[in-house]
Amino acid sequence: IYPDNSPETAHLYGCRMVGTWIGTDEYIKANLDHKLVELKREADLISEFPDPQVQNLMLRWCFSQKITYLQRTTSPDLMSAFIGQFDQMKRDILTSILQCPVDDTLWRQCCLNIHDGGVGLQIPENVAHAAYIACIHC
């Protein structure tokens with residue numbers, strides 16, 4: 001239900017429909033912040049898992065794909081800070097797998113496709129606009 005038009009309540013206007021948030025920018029950003037907390041908890045669980053091979057599989061096949069749907073249904077302008085923090089979580093998981101710091105060069109290489117010599121971790125900001133446009137076009 002639409003609250004009054006005051007700036008203090010703008011973050012309350014919206015709803016979740018078909019797995020994504022619809023409403024004011026403040027509402028969507030507040031829910032994306034909440035989603036980051038959930039993702040951080042999942043990233044910590046993956047990092048604490050005792051088997052590095054299973055950690056790698058969970059990172060590549062489960063965790064890295066967590067925001068694909070959000071990228072299709074949420075404006076890239078609203079997702080930019082969210083994507084940066086999500087990407088840092090992926091990097092932290094990789095650091096725990098390798099048990100050594102991951103510098104920028106190594107991180108960029110890990111984000112390459114496997115056929116290109118990488119690990120196959122995607123760079124979500126590279127596909128944000130394409131994912132959103134593809135969803136709107138369909």
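**Exercise 1.** What percentage of the 138 residues in the protein do buried residues make up?

*Solution.* The model under study is a predicted one, and a residue counts as buried when its relative accessible area is under 20%. By that cut-off, buried residues make up 33% of the 138 residues.

**Exercise 2.** Describe the secondary structure of the protein and the order of its elements.

*Solution.* Begin with the count, which comes to six helices and two strands. Then follow the chain from the N terminus, where the elements run β-β-α-α-α-α-α-α. Finally, take the extent along the principal axes: the C-alpha atoms fill a box of roughly 50 × 35 × 25 Å.

**Exercise 3.** Where does V18 lie, and is V18 buried or exposed?

*Solution.* First locate V18 in the loop between β1 (14-17) and β2 (20-23). Next compare its relative accessibility with the cut-off for exposed residues, which is over 50%; because V18 has 66% relative accessibility, V18 counts as exposed.

**Exercise 4.** Characterise the largest cavity and the residues that line it.

*Solution.* The structure holds one cavity of 30 Å³ or more, and the volume of the largest cavity is about 40 Å³. Its lining is formed by S64, I67, T68, Q71, F86, K90, Q122 and P124. Sorting these lining residues by kind gives three nonpolar, four polar and one charged. When they are assigned to elements, α3 (68-73) and α4 (76-98) are each found to supply at least two residues of the lining.

Technical notes: Residues numbered from 1 in each chain as written. Predicted model: local features only at pLDDT ≥ 70, side-chain atom pairs only at ≥ 80, totals over all residues. Heavy atoms only, no water. Helix = DSSP H or I, 4+ residues; strand = E, 2+ residues; numbered from the N terminus. Buried < 20%, exposed > 50% of the residue type's maximum accessible area, 1.4 Å probe, protein only. 1 Å grid on protein atoms, 1.4 Å probe; cavity = no way out; pocket = protein on both sides within 12 Å on 5 of 7 lines; lining within 4 Å. Points joined across faces, edges and corners; volume = space filled by probe spheres on them. Nonpolar A, V, L, I, M, F, W, Y, C, P; charged D, E, K, R; others polar.
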